[in-house]
Amino acid sequence: GGPAWLAARLGEAFCAESFAVSAACASGTVALGVAARRVASGAKRRVLVLGGDRLGDFVREGFAALRALASDGCRPFDADRTGLTLGETAAAVVLEEDGADHLQGWGAGMDANHLTGPDRNGAGLAAACRQALARGGVVTPALVIAHGTGTRYNDDAESLAYAAVCPTAPVTASKGLLGHSLGACGLADAVLAVHIRRRGVVPGIHALSRRGCPGDIPLLGAGDHRVADGPVLVANAGFGGLNGAILIGAQAPRPLDRVAVAVSARAELDAAGWRCAERRGAWTEPAAGASLPRLGAREVLGAIDASWGRMDLACRALVSLGRLLAPLPADCAIMLLSEHGCAATDRAFEQARRSGAVDPQRFAYTLPSTAVGEASIRLALHGAGMALLGANDGQGRAVADELLAEGASAVLLARIEADRPPHLAWAELRIRA
């Protein structure tokens, strides 16, 4: 069951609204940021954030096809690391106005670089970390709990991000012990951060024997360590170049200011296949009699794109909507609303997997947030990026407007239902009035 199923069992009095946050392997930290904004804006007094990931052949064979699995166990930041090890975790965090530990700061940013590989300099992750630290009023955290997957390029990019943002903060990572639990890993590390602050003991990086990353950062080796008392930064990076970071400390976060919001433009893909856009109340449509493909690369991008054909319908629709509303500011956030997400792609991948034909290119599209990553790459957008599953339009607009209140210059808010006909796709550009 999804968030609505869970909310029904918890009871309406406890769980008045519910939705799932998808940002690939950054889902945990991005979801905590969404929850924190809900509390900081005054919209909610208390928010429960749940996360869990289970292992299965679907995921295992997908990562194997990408050649991302370790041959000798996960060894984050080690010179001889060979990849990631999958794991299972489940975690729950309650955010409320009062407490001993606080989600002091949070941030998110997109690489706009590559679907399955990070920006080589860790630019999107660095931006998310800077936002979290600035929001929390901190220059250098007492500790960084890194994403640390043990893959070659991810660990390199991370080390450069921390070297640029907080070069003296000690760094640890949990995936050598817990494995990579994908969307749940950030929430699990948030719980770990709370325990570290309360116990004063930090578990080091398991199996780190020879450091092998370009960023000169103080990595904590295997065993227990003690670090200075202070806030802990947790950072995650995911497919599509989606990044999230949170800061857990003793200080309560600043409340969000209220801002007036306007819709500067709206676009939709209607049932007849025409692409329409509205700016300041005036609709524009293609010339009468046009018979161009609905979402072809030439029509959307203005040129043939060899990678366009691998994208699923949700990706093509979101990129098309973004192009219709262009130009967009570089720090524009992207928020995708959907009921069924990437279900059509999931079914296609599973059918191929069961027939013995695992497609590594299709595997990257079995995440609801992949469309967000593709849009960020093709529209060159570096703001926060996420998909909300099960959220209604009003909830989506509320979360988008809290991003604006926090400082984003614009949010591309879209709803795309591309699982089965009749398809639905619209987007609006929300800005501070």
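A salt bridge, as I use the term here, is a side-chain nitrogen of Lys or Arg within 4 Å of a carboxyl oxygen of Asp or Glu. With that settled, I looked up D155 and R81, whose side chains meet in a salt bridge at 3.4 Å, N to O. D155 sits in helix 5 (residues 152-165) and R81 in the loop between helix 3 and strand 3, so this pair ties together parts that are 74 residues apart in sequence. I take helices (H or I, at least four residues) and strands (E, at least two) as DSSP runs, numbered from the N terminus. Both D155 and R81 are buried; for me buried means under 20% relative accessible area, exposed over 50%, and partly exposed in between (1.4 Å probe, protein chains only).

**Ground rules**

I am reading a predicted model, in which local features need pLDDT of at least 70 and side-chain atom pairs count only at pLDDT 80 or more, while totals for chains, interfaces and linings use all residues. I number residues from 1 along each chain as its sequence is written, and side-chain values use heavy atoms, with hydrogens and water left out.

**The whole chain**

I found 13 helices and 17 strands in the protein chain. Its radius of gyration is 21 Å, close to the 22 Å that the globule rule gives for 433 residues, so the chain is as compact as a globular protein of that length. That radius is taken over C-alpha atoms, and the rule is 2.2 Å times the number of residues to the power 0.38. Along the principal axes, the C-alpha atoms fill a box of roughly 70 × 50 × 45 Å. I noted that 55% of the 433 residues count as buried. Of the contacts (heavy atoms within 4.5 Å) with a separation of 6 or more, 75% are between residues 24 or more positions apart.

**More salt bridges**

How many salt bridges does a search of the whole structure find? It finds 26. One of them joins E61 and R353, the closest N and O atoms being 3.0 Å apart. This pair links distant parts of the chain, with E61 in helix 3 and R353 in helix 10 (residues 343-354), 292 residues apart. E61 is partly exposed at 28% relative accessible area, whereas R353 counts as buried at 14%.

I then turned to R266 and E428, whose side chains meet at 3.3 Å, N to O. R266 lies in strand 11 (residues 261-269) and E428 in strand 17 (residues 424-432), so their bridge ties together parts 162 residues apart in sequence. R266 is partly exposed, at 22%, and E428 is buried, at 3%.

**Nonpolar cores**

Next I checked the cores, each a set of buried Ala, Val, Leu, Ile, Met, Phe, Trp, Tyr and Cys residues joined through side-chain atoms within 4.5 Å. The largest has 88 residues, and L32, M335, M386, L388 and I416 touch the most other members. Helix 2 (residues 27-40) gives the largest share of this core, eight residues. Apart from it lies another core of 25 residues, including V144 and I205. Leaving out residues up to four places away in sequence, L32 touches V49, V93, L95, L103, L187, A190 and I246.

W5, L6, L10, L48, L50 and V94 make a nonpolar surface patch of about 490 Å². Patch residues have over 30% relative accessible area and no salt bridge; like charges are joined within 9 Å, and nonpolar side chains (Val, Leu, Ile, Met, Phe, Trp, Tyr) within 5 Å. Areas come from the Shrake-Rupley method with a 1.4 Å probe, and for residues only the protein chains shown count as cover. Helix 1 gives the most to this patch, three residues. L48, in strand 2, is partly exposed at 31%.

Most residues other than glycine have a negative phi, and most peptide bonds are trans. Where did I find exceptions? The bond from A326 to P327 is cis, with omega near 5°, and P327 is in the loop between helix 9 (313-325) and strand 14. F77 has a positive phi, near 65°, and is buried at 0% relative accessible area. A380 also has a positive phi, near 55°, but this residue is partly exposed, at 44%.
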